[in-house]
Structures are given as structure tokens and as C-alpha cells.
Amino acid sequence: MSAGRPDRAALLARLQRIAALAYPRRCPLCGEVLGPDAAAGLFCPGCAPAAKALEHTPPRLPATEHSFYAVDGAASAYYYRGEIRHAILLCKLHGSPWAARELADLTAIRLFGAQPAAGPGGLPAYAAPGGLSPYDCIVPVPPRLGTLPAPRLPDRMARRLGQILGLPVCADLRPTRRMLPQKSLTLAQRLQNQKDGYALRPGSEAVGRRVLLVDDVITSGATVSACALALYQGGAAGVFAISIAADEEPAGRGPAQK
């Protein structure tokens, strides 16, 4: 790097601090501007108990609650209920990039043991165990064909997590055909709807790498499994899926019965 040329990471950190002044950190559950009394720098005092109650503990998702068939494993930070569900829908339906940033930070803290940012505009601090990351790149779950080309929560999460975890983001996973929205389908229909619905671009940076697959919500596991299968078929060395939240039902109730 030539003398006097600003370092890209330093420039990015400066821009983030400037953005924090214009868009102060807010509680991802209610939108209130966070003050010095914020719980661990993450939630306003009023929302902290609700967030604690919705933590998915342990984060690893049980195979008995989901239909995984290709991922090496999966984990979620929270249950898709109450205030967490509201925060995710705020991002998905209304954009809200500041809320997407906070949700990604919460995911890094809950799933990877990152420490909350020291101040406004900063990144959570993360150190890989033993100095070696178990993953080589991050791949966001792509949108369905026919959806609007607006910024999506998995994409925003992937970019933020890439900064926190120090991993490159590889957006080379693509849908191969039109698929129905999963929301109204039964479990069997979800699996069939997603089957062979994705492909990895030839020559992708994910080939031969251990992939961290990122989605906003994991329900049946059909989407992340279909994406993982495409990654493996494209040459990925491993795939582990994560999400902000998991939509799990009591025993005897399937996704279509919610």
C-alpha cells in the first residue's frame, strides 16, 4: 500500500462512526435510541427481559424439530416469537437497515461469543477460537426468482457478519427456477418446493471452502437444506447454517398448522 493512501478498513470504520451519528443505535425490538443504560449495549431496559426469554438455548437446532438433510448442522440465536419476530418483520417488510445491523450483531454475540461494540458505530469484537475460524466464507440464502431486487435481510446480515467475523461474503448461490412462498405450504410441500431449486455459480469462491450459510428465519429447514445441497454439488467442503431465529412448533404441529 502506498504511503499516504488511507487503509480501507480504517476508512470503513470512519464511515461507520459518521453513520452512527446520523443513525444512532436503536433497540432492535422497539426502536428506542439506546442510551448509557442499555442492557449490555444491545437492548433498552424495557426490552431486555423479553429478549432474554426468547433466547434459543442452546443455539444448536434439534433435528427432531426440523427436516435437515444436507447441512452439517444449524443454529439460531432466538425463537421466532414476540418482539424478535416483530424486529425481523420490520427488516423484511420495511427495510430498516439499522435494525438489520443490530440483529446481525446480536447473532454474532449469541452464536459466536462476540463482545458487544465498545461504542456507537463500532463492531462487536470477535476472536476465533485458537485463532482459526471454522469457516472460510459466508453465503446468504438468495431470494426467490420474481421477487423485488431490494436489499434483503440475509444479504445485510451476511455483510455485517463478514465484517465482524473477518470472513469474505460470497453471493454466488442462485435460484434455478421459480418457487412458491414457503409460508402456506405443508412440510412435504416445502421440501418439494425447494428441491433442486438452487445452484452454485461455476468457479465460485465457495468451491473447496467451509461455508457459513446465513438466513433470517429457519422453519422447516427445507430452504437451508436445499441451499446446502447446491453448495455441496458445486464443490463446497462443508456447510453450516445459521439464522437470527428458529420457528419451532410444539410436538405434533407442523408448519402448516400454525
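Figure 1. Asp196 is found in the loop between helix H6 (187-194) and strand E4 (198-200). Helices (H or I, at least four residues) and strands (E, at least two) are DSSP runs, numbered from the N terminus. This is a predicted model, in which local features need pLDDT of at least 70 and side-chain atom pairs count only at pLDDT 80 or more, while totals for chains, interfaces and linings use all residues. Residues are numbered from 1 along each chain as its sequence is written, and side-chain values use heavy atoms, with hydrogens and water left out. Most residues other than glycine have a negative phi, and most peptide bonds are trans. Asp196 is partly exposed because its relative accessible area is 49% (buried means under 20%, exposed over 50% and partly exposed in between, with a 1.4 Å probe and protein chains only).

Figure 2. Is the peptide bond from Thr57 to Pro58 cis or trans? The bond is cis, with omega near -5°. You can find Pro58 in the loop between H2 and E1.

Figure 3. Lys52 belongs to helix H2 (residues 48-53). Lys52 counts as exposed because its relative accessibility is 57%. Now look at the ring of Tyr78: Arg110 lies over its face, 5.8 Å from the ring centre. A charge sits over a ring if NZ of Lys or CZ of Arg is within 6 Å of the ring centre and within 35 degrees of the ring normal.

Figure 4. How many aromatic pairs does a search of the whole structure find? The search finds three. Rings of Phe, Tyr and Trp (its six-membered ring) pair if their centres lie within 6.5 Å; planes under 30 degrees apart count as stacked, over 60 as edge-to-face and the rest as tilted. Phe112 and Tyr126 make an edge-to-face pair, with 6.3 Å from centre to centre and 85° between the planes. This pair joins distant parts of the chain, 14 residues apart: Phe112 is in helix H4 (residues 97-112), and Tyr126 is in the loop between H4 and strand E2 (137-140). Phe112 also pairs edge-to-face with Tyr135, at 6.4 Å centre to centre and 90° between the planes. Here too, distant parts of the chain are linked, since Tyr135, in the loop between H4 and E2, is 23 residues from Phe112. Phe112 counts as buried because its relative accessibility is 18%, and Tyr135 counts as buried because its value is 16%. Ring pairs link Phe112, Tyr126, Tyr135 and Phe240 into a cluster.

Figure 5. Helix H3 (residues 82-94) has 13 residues and spans 18 Å from first C-alpha to last, close to the expected 18 Å (1.5 Å times one less than the number of residues). Which residues of H3 are buried? They are Ile84, Ala87, Ile88 and Cys91. These residues lie on the same side of H3 because they cover an arc of only 95° around the axis, taken from the directions from the helix axis to the C-beta atoms. Leu93 and His94, on the other side, are exposed. The buried residues pack against partners including strand E1 (73-79), H4 and helix H5 (153-165); contact means heavy atoms within 4.5 Å. Just beyond H3, Ser96 has a positive phi of about 50°.

**Figure 6. Two nonpolar cores.** A nonpolar core is a set of buried Ala, Val, Leu, Ile, Met, Phe, Trp, Tyr and Cys residues joined through side-chain atoms within 4.5 Å. The largest has 46 residues, and Ile88 and Phe112 are among those that touch the most other members. Elements that give two or more residues to this core include E1, H3 and H5, while H4 gives the most, with nine. Another core, of 26 residues, lies apart from it and includes Val71 and Met179.
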